[in-house]
Each structure stands twice: as structure tokens, then as C-alpha cells.
Number of protein chains: 2
Amino acid sequence: MHLELDGRGPLQTQLVRALKDAVLSGRVAQGVRFPPTRALAQQLAVSRNTVLAAYEQLRAEGFMQGRVGSGSYVATPITPAAPVPRPAQRGLPETDYVRRLRACHDHPRMPGRRVEGARYSFQYGVPFTNPLLTSAWSRALAHAALYTPPTYPTAHGSPALRAAASEYIAHRRGVICSPEDIIIVAGTQQAISLTARVLLDPGDAAVIEEPQYFASREALYTHGARLVPVAIDREGLRTDDLPSEPPRLICVTPSHQFPTGALMSLPRRLALLDYANRHDCWIFEDDYDGEFRYDAQPHAALRSLDESGRVVYVGSFSKVLFPSLRLGYVVVPPCLRDDFISAKWVDDFGSPGIEQAALAQFMADGSFERHLRRTGKTLKQRREALLEGLRTHGGEFLEIDDSHAGMHLLVWLRGRDAAQGEALIAHAATRALGLYSIAPYYLNAPDRAGLLMGFGAMSVAEIGEATKLFGECLRETAP
Amino acid sequence: MHLELDGRGPLQTQLVRALKDAVLSGRVAQGVRFPPTRALAQQLAVSRNTVLAAYEQLRAEGFMQGRVGSGSYVATPITPAAPVPRPAQRGLPETDYVRRLRACHDHPRMPGRRVEGARYSFQYGVPFTNPLLTSAWSRALAHAALYTPPTYPTAHGSPALRAAASEYIAHRRGVICSPEDIIIVAGTQQAISLTARVLLDPGDAAVIEEPQYFASREALYTHGARLVPVAIDREGLRTDDLPSEPPRLICVTPSHQFPTGALMSLPRRLALLDYANRHDCWIFEDDYDGEFRYDAQPHAALRSLDESGRVVYVGSFSKVLFPSLRLGYVVVPPCLRDDFISAKWVDDFGSPGIEQAALAQFMADGSFERHLRRTGKTLKQRREALLEGLRTHGGEFLEIDDSHAGMHLLVWLRGRDAAQGEALIAHAATRALGLYSIAPYYLNAPDRAGLLMGFGAMSVAEIGEATKLFGECLRETAP
């Protein structure tokens, strides 16, 4: 009997696998006698015990009949698996869901791809790392691990974390809600996925901002929503442009529009709420980085003006702590609470217990507020450094949409079209500078060159160097 | 101007909220003058600076016009929000998804509800807590937190954890795959949710075992799958009963059928694979606790017999470590890989980075194997204690489906119908004993009393006491 061991895992496992293959492939017919253990051991240069153990296993699994000594035979009946096409040839699944999934992910301009080997990168969403946070978080986790019950978490999140979150948003965002209105989720991305499933049937219309956060757009599209883009100006969503045929859902980033940075004005906020009320739509308020404003104190969230339970308010800890944490929260109107909790349960039973406990403690003992103040200061300096660097090194080439908030700026390149923008990005890459186009954040991108410049992850010094290099690239590619 | 502070949060926040309400409710008309700061401070007995700061905020948010000194006025135009119905009166969402969601969750026999105040509970899924594990895990997390990059995780999981998982399942489960075939998910529940979305259009048929794991059933149902139950016997799924009209998906627990404990025989495994091949169906192999067998070594997974890429193999760390961890893995055939990764990305971007790093380390340094051996020994003793206790105290009343594996037994009550079973459970509750019916694990429950008895969380001594009490309850309720 010809056998080949594939060298993966323990010898016995390899031998069992090889013998099964021989049987299942039909190379060894039913009723045929297996070689005596001693002979096989010699043939394969393995110990006899290994062969004995392997035979034992085959017997237990029903591949082999008979006893050691009296001889062992291939069990009957085993229908050898019919010859089958290789995996590569199998049909891919063709559900509507995966078709939409592929349509998104084959998007040629899918953002977030890091420019490899860049010395400086203005990539958005790269967090700014903070040694103080790292060690504090390590302690918080170690402590939480000792005292968190190992049982399944409550689907809507730990009571302690929901209580801490409700205190936090009341104080920071003017959102008054009870811990019972809060559902802990795996970041904003799970929040939009759950919202789409609960509130939208495939085919339902959802208004998105133009431009918008691409990942929310993709979650809605993949779910099957019909996307209705509404333009943004300096006052945020142009509520006059809301469609006459009302959508089921309206997704907005009022406190710091992504990516333009616009702050939605009060009249627009009231108009939006009024529209949602009259047409019975839901509003998804994504407050992804409302924490960081550099002019006035943060404006109250849309949710705090919502008298009629239309707003699903979402906050994330990915920006203010770090993205790999994967924790965020949703504040739902009472009438949506049960459905959202059930949907979260069906999805993953609930978010990890230890990290929830660590975060609750982190918020309760003031570490979180301290971290926010530190981070705010640092980001303010970095933002000023970026603004100054851009004025100094690229002033005449640029038009800056300053937003007084967050961790990024939107920069337009005067007199360059989209193609020239791509050319600049390609050239900058050759100079080891990572630049990122604004185009992927549009459903229908304008023929105008714009860059999304994240500054969270670079020191003031690095920003100085990077903007200098940026300036050179601008000159070298000037039309 | 009448104002009432609601006592939530800092005084200034309360004042801002009260003033906004006055404006938005229309109680203060547009153009009306706000009281001078000093007067208002006296009226409310707050410091004048608080009032000044509140006015500042109102001005910034566009509620107020004019300057301190020359007088401040309610901004015009503000369209006061139209009177709106109370949240309670709002229409609930009526998507197909939530209708199905509610149909599941209003299920009167939704299992897992803990019998309150029970001294002993045979509830399934309660993990057995292990101080050694707790402290080891705390150290692993603290260490991982210091060295894990804070950036967004890779959607399909950390390379280190995927490598560790592929080693583990090759060694323990005979599943040979590359780390690239593995996708880290938030436990089995997310695995079935993703599988349903990727592989099933609403309305597609999915075969489930009867009885089955209710949470997988609900995930499939909520997604819109048409559930086709196929009966279980001592050899596992009755493959002869597979429907002539082929389903898209077949969900099985071959290495330890949940809840009957049946071990699927080799001929049945081959028949199932053959059926899936001929009819081009996918197989969801849920190997939720294959680690713990008390007779032979665990049988090779169905996936290890799958020559043609039909099997989605799923393992969980919830049972072998602890449920609040929320980490599991999916081994997908090559042709499904990209779609599953995209689906995971759209759902939540990826699982938490630090816990993945901690687990990878835990597996790489042997702590995990040590834990498995310890746990296996303990569970073996507890299982034997349960079997002995049941024979001693309830022998003549019971029929035990012994499965030589896992953390639970299925026990039938001789000559009692479902109603009598419920009566026993109710009576046991009055004796502070938690018993759990098997009925919720059936799509169509038989009129026969059965109990699912989890033994993972009770010590040998407790199991002795609990079975004694169980015996008394059996006698006290004997028909």
C-alpha cells in the first residue's frame, strides 16, 4: 500500500490522514487488508506504536474493521467520495448580498490603502498613539479580567458601561438619556449595520450626505438600501434638497460633517428634525469625533433636540481611544430599544465582557476625561501645525476647508482636476509622502482635486517636514 | 422668563438645556429679549459666570442674537418644532427583518432564562470558572495591551491568531488548512449570521438538525431562511431524510450533536458530503465543543473529509475558555474567503485587536493546551458524578442519552409528557433547583418530557447534592 506523509502535525495524525485518503480516494478497495503494523512501521520508518495508535483511531472512526493480529481490513461499506471538481471550479455564492458586497469591494478607489514605505502619511483614521494611554489601558484590562464574570454578556452591554456612557454623553454632548436607552456595540460600523437591518428593507431609500463616510455608505448599500445623496454646504446637509419622496432613513454627521468638516447650523437641524417628523423617517446621527472641537465647546447633538424619538445617536470609542478596541454605543429611542437589542443578540450575543468592564472603570475613575483633555491639547497643536505648514508651503495652491474640529482637514487643489490630483498623489508616493484623495468619499465625485488630510498620527515636527515635502510635490506637479 | 433646571449634569449644561427648551417649545417668542445675566443669576441662585457661559453657548449654537450689555434676543428665524406625538405613539419599524426578529424573541419558551434564586442550576452554557485561567488571562491581556498596534484590526483576524488556530485545529481536529483560510469572528453566533448573509437569500431553504441549537436556528430564521428540520438518531443526522428538493445550506454538529450528543457515523458523514456535492449545497459544521470527548480521542471533523470545498467549519473559544470572550473562528473554502472577509468588514471591521493578540500568545506558549487538559479532567469527573447521581437518585425515572462528550447530557423522563415535564421544572424551582426543558431546542417539540442538563459549572460535591434534590423532585411529582 503506497502511503505518503505530508509532514503536517504529529506523525500519527499524518499517518491517519494518509490512510484515510487511501481509503476515501478508492486507491484501496473495500475489504482489502491493511499492511501489518510492523511492516508499515518499517516502510515509513516510524515507531510501531505510532502505527498501532493510527489503526486504533481508524477503527474508532469506522474506517477499519478487524483486530490487530487477526488482520485489519478496509471497512465495508464505505462509499468512496465521487470524484469532485477542485474548489477553484466550484460556483461562487450568488446571493444578492454578496453581489452587492462585491460591487462595493471591487470599488477601484476603495480608500484607506496605505501608501507603502511612506516616510510621512496623511492617511485618515490612523490613531495617535499615546504611551500613557497604553499603560493605563493595560492596567485597566488586567484588573477587569480578574473581576468580570466569564458568562455570556448581556446583549445590550454591561450596566456599568451603559451608566458611564450616559453620564458621559449628558455631560459632553448634551444628550440626556437613561442607561437603558444605550446599547453597546462593536463600533460605529456595527451600529450602522444593525440600523440598516432593523430599519430598512432592501430597496428602501436612505439619504446619505454627499460626500460621506464610505464605510457607512457601503454598509447601507450592501444591505440593499437605495442610496439618495444630498449635498453638503458650510451649514451641513442642505435640508431644502431633501427628496420629496421621503426616505426611511437619513444618515448625518451634524457635529462635524465627514469629510467636509461642516458644522450643521441650528435652523438646518430643526428643519431636518421637522422633515423626519412630518415624513416619519429615522435619523442616524453619527457623532464620530464630536469630542474634539478647537473653537467653542462642542455643540449639543441633534439627539438632544429630538422631541419625538426619531434619532438613533451613535458614538464611538475608536477615535477617542484607539480603533482596535471595537467598542461604541447607540442611543435608541424607546420604541426601537427591544428590536435593536434582539438584533445585537442575533448578531453576536453581545460585546466582549472584559473590555466593557475595563472601559466602564476607565470612564468612572476619570482616566477617560484626563485622556480626552490630553488628546485634545495634542490634536490642537497638530492641527495648528498642519494649517501653518499648509499656508507656508502650499498657500497659493490650496483652498482649505477648516472645520475647527476632529483629526483631519479637507484640502482642495486650486485649478487642478481629478486626474491632476491623482498625478500629484502618485508623484508624492515616489517622494515617500502618503496623500489621500477625497474622491472615494463621494458617491459621484466632482472633477476637482481634493485631499483628505489626517493629522492625528503625526507629531508637530513630522507635520512640519511633511507639509514642506507636500509643498515641493505641489510645485513639481504644478499644471 | 420661567425656567426650571432639571438637576442633570453641571449647572451650566442644565441652564443651556432649560433656555433651549423655552425657545424650542415656543414659550419664548422669536425676537424676545433674554433676561440680563445678573438678574437671571439671582433668579436661579447660580453664579453670574454660569449664566454668561450659558448665553455664550446659546450664541455659539445660534439660539441667541445680540451682545451681552446691549441685550440678548431669541434668534430669528427659528422655526419652533411642530408639536409632535410622544415616542410611545410612534410607529414601530415594520421591516421583514424585525417581524422575524420579534417572532423569534417573543417565543414563549426562549431558553437560557436562569431559574432565579436557585441553589443548584443545571443550566446549559454556564461556563466552569477556573481561577488559574482567570489570572493567566489577566496577565496575557495586560501584556498584549502593551504590544498590540492600536490601529484598525485586519478584517479576517490577526495573522498570529490565525496561525495559532490553524496549528490547533490540525492537531486537535484533524483539519488541515492554511492560516489564510481562517477568519476570526465574534464567536459561533457571528459565524452563523455571516454565513446566512453570504450564502442565503431570504426564502432559501436551510436544513437544520431536529433538535438543534436554538440560537443558530434563530439567526437563520431572522435572516429569512426557510428552515427544513431533519431528524437526529444515534448516528447523527438521518441523511436518508434529506429533502429531495435540495437546500442551499445544511447546518450540522457532527462531532457532538447539540443537544442529543449523537456522534455522526462515518457512513453518514460521507453520505452528507456526497449529497452536498451532488446538489451543490453548503455545509455549516458547528464544532462547538469537539475538544471534550471522554472515550476515544475526538473524531476528525467533517471538514477534514471534505474534498470539494463545501464545508464552512466553525469553532468557538466560548466553551473552552469563557463565553464573555466572544472569539471564534471560521475555516472557509477558498471560493468563499473573499466574500466572508468582506462581510465581516462590513459588519464590524474586525474583532478586537488586544484580545486576539492575547489569545494568540496564550495558544502559542502552551497555556491553552494546559488549560484544555485541566478542563478536560475536571469535566470528566463532573460528568461521571452526574451520571452516577442520576442513576442513584433517579434511575427508574430516567432515560439518559449519554454522549461521552461536552458539558451537558440529555435526559428523558420515563412516562411523562411535556406538560408533566413543565410541572416538574416548576416544582423543582420551588425547591431552589434549576432544571431546563429540552423543548425549546426543537422546532416541533415532541410530547415527551426531556431535560437538558449542563454540568460544566457545578463541582462534584454540588452535583451530588443537586442530583439528590433532583431525585426528590422526581418522586414528589411522579405521575
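Predicted model: local features only at pLDDT ≥ 70, side-chain atom pairs only at ≥ 80, totals over all residues.

Mentor: Let's start with a proline: Pro259(B) sits in the loop between strand S8 (249–252) and helix H9 (266–279) of chain B, where helices (H or I, at least four residues) and strands (E, at least two) are DSSP runs numbered from the N terminus. Residues are numbered from 1 along each chain as its sequence is written, chains are lettered from A and ligands numbered from 1 in the order written, and side-chain values use heavy atoms, with hydrogens and water left out.

Trainee: Which residues does the cis peptide bond with omega of about 5° join?

Mentor: Glu210(B) and Pro211(B). Pro211(B) is in the loop between strand S5 (205–210) and helix H8 (214–223) of chain B.

Trainee: Which residue has a positive phi of about 55° although it is not a glycine?

Mentor: That's Ala45(B), in the loop between helix H2 (37–44) and helix H3 (48–60) of chain B. For accessibility, buried means under 20% relative accessible area, exposed over 50%, and partly exposed in between (1.4 Å probe, protein chains only). Ala45(B) has 68%, so it counts as exposed. Phe349(A) also has a positive phi, about 75°, without being a glycine; this residue lies in the loop between helix H10 (334–348) and helix H11 (353–364) of chain A. At 7% relative accessibility, Phe349(A) counts as buried.

Trainee: How many salt bridges are there over all chains?

Mentor: A salt bridge is a side-chain nitrogen of Lys or Arg within 4 Å of a carboxyl oxygen of Asp or Glu, and the whole structure has 52. One of them pairs Glu180(B) with Arg162(B), at 3.1 Å from N to O. Glu180(B) is in the loop between helix H6 (159–173) and strand S4 (182–185) and Arg162(B) is in helix H6, so the pair ties together parts of chain B 18 residues apart in sequence. Arg162(B) is buried at 3%, while Glu180(B) is partly exposed at 38%.

Trainee: And how far apart in the chain are Glu399(B) and Arg448(B)?

Mentor: Their side chains form a salt bridge (3.1 Å, N to O), linking parts 49 residues apart: strand S12 (residues 398–401) holds Glu399(B), and the loop between strand S14 (433–434) and strand S15 (450–454) holds Arg448(B).

Trainee: How should I read the interface?

Mentor: The size of an interface is often given as the accessible area lost when the parts come together. Here buried area is that loss (1.4 Å probe), summed over both parts, and chains B and A bury about 9,000 Å², 61% of it on carbon and sulfur atoms. Taking contact as heavy atoms within 4.5 Å, 110 residues of chain B and 111 residues of chain A take part.

Trainee: How many salt bridges are there between chain B and chain A?

Mentor: Four. Among the cross-chain pairs is Arg197(A) with Asp347(B), the closest N and O atoms being 3.7 Å apart. Helix H10 (residues 334–348) of chain B gives the most to the side of chain B that touches chain A, with 10 residues. There's also a salt-bridge network linking Glu94(A), Asp96(A), Arg99(A), Arg102(A) and Asp339(B).

How values were computed: Buried area = accessible area lost by both parts, 1.4 Å probe.
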